[in-house]
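Try each one yourself before you read the solution.

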Amino acid sequence: MGVARRYDVDLGALERTHRELSRALHPDRHVGAAGKKEVLSRAVEVNLAWRILRDPVKRAEALFALHGVPVGETNEPKSSPAFLMEVLEEREALDEAKQARDLDRVHALAEGVEARAKATQAALAKAFESSDGDRDQLISHVGKLGELRYFTRFLEEVSAIEDELAEET
């Protein structure tokens, strides 16, 4: 999509670029044209790139892979016991808030996790920037990816709880 290969990206600019490319590559603009198959293939690539770039977890996975750093459950270090304890406590608090139908508490928990997710994204951006693509340096930051996955899942669950509680009212 014509952007530098870095973690810290301008999502607004990327979205505008995606829209422009999608319009230019739309199948209706190429009806009967020679090379239509290549245009459609390019449109698929643009959409795939957009899905990866807009998702902080997928973007980090792609950058780690680009630098030869394996990711995934079997390749990443286990989270620290302190982090796991925090996760357990946050999950219990979220479950209690859901059971009590306490949306204010759900939102407060989400705000805390969003702040931690942003801090983790900033740390990943700094790691990618300062490592200058050095694989060995990047390996020491792979654990942040697991934390970011947790934060993402937690926030998805918050969204589902908000939807569920909104339907009940």
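**Exercise 1.** How do the axes of helix α3 and helix α5 cross, and within what distance do they come?

*Solution.* Keep in mind that this is a predicted model. Start by finding the two helices: α3 covers residues 56-66 and α5 covers residues 103-131. Their axes come within 12 Å and cross at roughly 20°. Angles under 35 degrees count as roughly parallel, so α3 is roughly parallel to α5. As for handedness, α3 passes α5 in a left-handed crossing.

**Exercise 2.** Work out which residues of α3 and α5 meet, then sort them by class.

*Solution.* On the α3 side, look for Pro-56, Ala-60, Leu-63 and Phe-64. They meet Gln-121, Leu-124 and Phe-128 of α5. Now sort them: the contact has 6 nonpolar residues, 1 polar residue and no charged ones.

**Exercise 3.** Is Ser-131 buried or exposed?

*Solution.* First place the residue: Ser-131 is in helix α5. Its relative accessibility is 4%. The cut-off for buried is under 20%, so Ser-131 counts as buried. Next, check its contacts: leaving out residues up to four places away in sequence, Ser-131 touches Gln-137 and Leu-138.

**Exercise 4.** Now do the accessibility check for Glu-38: buried or exposed?

*Solution.* Glu-38 sits in helix α2, residues 36-54. Its relative accessibility is 54%. Exposed means over 50%, so Glu-38 counts as exposed. To finish, take a distance: Glu-38 and Gly-12 are 26 residues apart along the chain, and their C-alpha atoms are separated by 27 Å.

Notes: Residues are numbered from 1 along each chain as its sequence is written. This is a predicted model: local features need pLDDT of at least 70, side-chain atom pairs count only at pLDDT 80 or more; totals for chains, interfaces and linings use all residues. Side-chain values use heavy atoms; hydrogens and water are left out. Axes are lines fitted to C-alpha atoms, for helices over the stretch in contact, and angles run from 0 to 180 degrees between N-to-C directions. Helices (H or I, at least four residues) and strands (E, at least two) are DSSP runs, numbered from the N terminus. Angles under 35 degrees count as roughly parallel, over 145 as roughly antiparallel, 65 to 115 as roughly perpendicular and the rest as oblique. A crossing is left-handed if the near helix is turned anticlockwise from the far one by less than a right angle, and right-handed if clockwise. Contact means heavy atoms within 4.5 Å. Ala, Val, Leu, Ile, Met, Phe, Trp, Tyr, Cys and Pro count as nonpolar, Asp, Glu, Lys and Arg as charged, and the others, Gly among them, as polar. Buried means under 20% relative accessible area, exposed over 50%, partly exposed in between (1.4 Å probe, protein chains only).
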